[in-house]
Amino acid sequence: MTTTETASIIVVDDQPANLKLLEDMLKVSGYKIRSFPRGRLALAAASQNPPDLFLLDINMPEMNGYEVCERLKSDPELSAAPVIFLSALNANEDKIKAFHTGGADYITKPFQLEEVQARIQTHLRLHELQQTLRRQNDQLEELVNQRTKQLQVAVRRIKSMYDQTLRALGGALDLRDNETAGHSQRVTRYSLEIGQAMNCNEEELGELALGASLHDIGKIGIPDSILLKPGKLSPEETEIMRRHVNISHDLVSQHLFLSHAAQIVLTHHEFFDGSGYPQGLIGAEIPLGARIFAVADTLDAMTSDRPYRAALPFRMAREEIRRCSGSQFDPDVVQAFRRVPEEVWSRIRAESDLETYSHRIKSCFTTP
């Protein structure tokens, strides 16, 4: 680190007597001095070996002090060094111009040697502090960048773990409910397709995917006698089955990361006209993610085999969803759903069936 006693100073003055006087004075104080009678010579020398401070005359041939200062301040390698003007010009407009060109101080000739030394020492200390602060800021910025990168990697890993865990949990729930194998994966992909058709942003799509993956997690609290019952549920059993919504919300809402997804989980059985459950919400009172999921869930339910009926073709499911627009479903969501080509839904279904089949084949050869 440069100290004020070992600082390098360039002095520029077209008067040899002034140069000699300043050289002798500053060398006694321990400064490293380079003197030049012309601005161009000083600029060339500074570009090769930047100094810590400039003492600069104004009235000089070829290039005056204002022009030299402007050149210095336009050079990133030299701009930080303070410039002190030493001039016989004492009008206010001369001093103002000196500061406008980038000067740090202005001393009027004839000058007092003690004043020049004091001004130089002050600006060198200030310059040293500024350089130290700049280095600390650079180090801090580098440290922040490193920590930010590490945090981003950690967040990606956490999100990946969440995704893997949720997929595994959804798969486990699907296996418990044999009627809906692959259901969680399909409704998640269906929901994302509709969300993209509605121009949802990345954050909204992420929340939608989490809500869709976890929507039925509460079924772990429903007795198998009701969950797996092949026939129609009684009113009492229906009421118990409906509790899975609140159970799901209670489980998911405990995690701050899943707070938005928890609202989708809680409201995914609400109807647009207010006839759904558990709160009887109407229209926009229902979170957009839940309104999107409701269409995706119905699409999968209608195109999946059930003990009491075979899977319906996508054409019929699309028509039924259109028919329920404005009652069960949000009309805007239905319009977005209908903009997605039917082959997209068929492809997702086929890929899900293939993945589910492959998983079951592998499980047959897995040692317990």
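**Exercise 1.** Between which helices is the loop that holds the place of Asp330? Determine also whether Asp330 is buried or exposed, and identify its side-chain partner.

*Solution.* The model is predicted: local features require pLDDT of at least 70 and side-chain atom pairs pLDDT 80 or more, while totals for chains, interfaces and linings use all residues. Residues are numbered from 1 along each chain as its sequence is written, and side-chain values use heavy atoms, without hydrogens and water.

Step 1. Asp330 is placed in the loop between helix H12 (314-323) and helix H13 (331-339); helices (H or I, at least four residues) and strands (E, at least two) are DSSP runs numbered from the N terminus.

Step 2. Its relative accessible area is 4%, so Asp330 is buried (under 20% relative accessible area, with exposed over 50% and partly exposed in between; 1.4 Å probe, protein chains only).

Step 3. Leaving aside neighbours within four places in sequence, Asp330 is in contact (heavy atoms within 4.5 Å) with Phe272 and Arg291. With the side chain of Arg291, the Asp330 side chain makes a polar contact at 2.7 Å (a pair of N or O atoms within 3.5 Å; within protein, one must be able to donate a hydrogen and the other to accept it, and residues adjacent in sequence count only if both atoms are side-chain atoms).

**Exercise 2.** Describe the surroundings of Ser8 and of His123.

*Solution.* 

Step 1. Ser8 belongs to strand S1 (residues 8-12) and counts as buried at 13% relative accessibility. Beyond its neighbours within four places in sequence, Ser8 is in contact with Lys32, Arg34, Pro51, Asp52 and Leu53.

Step 2. His123 lies in helix H5 (residues 113-176) and is counted as buried at 12% relative accessibility. Not counting residues up to four places away in sequence, His123 touches Leu53, Pro82, Ile84, Ala104 and Asp105.
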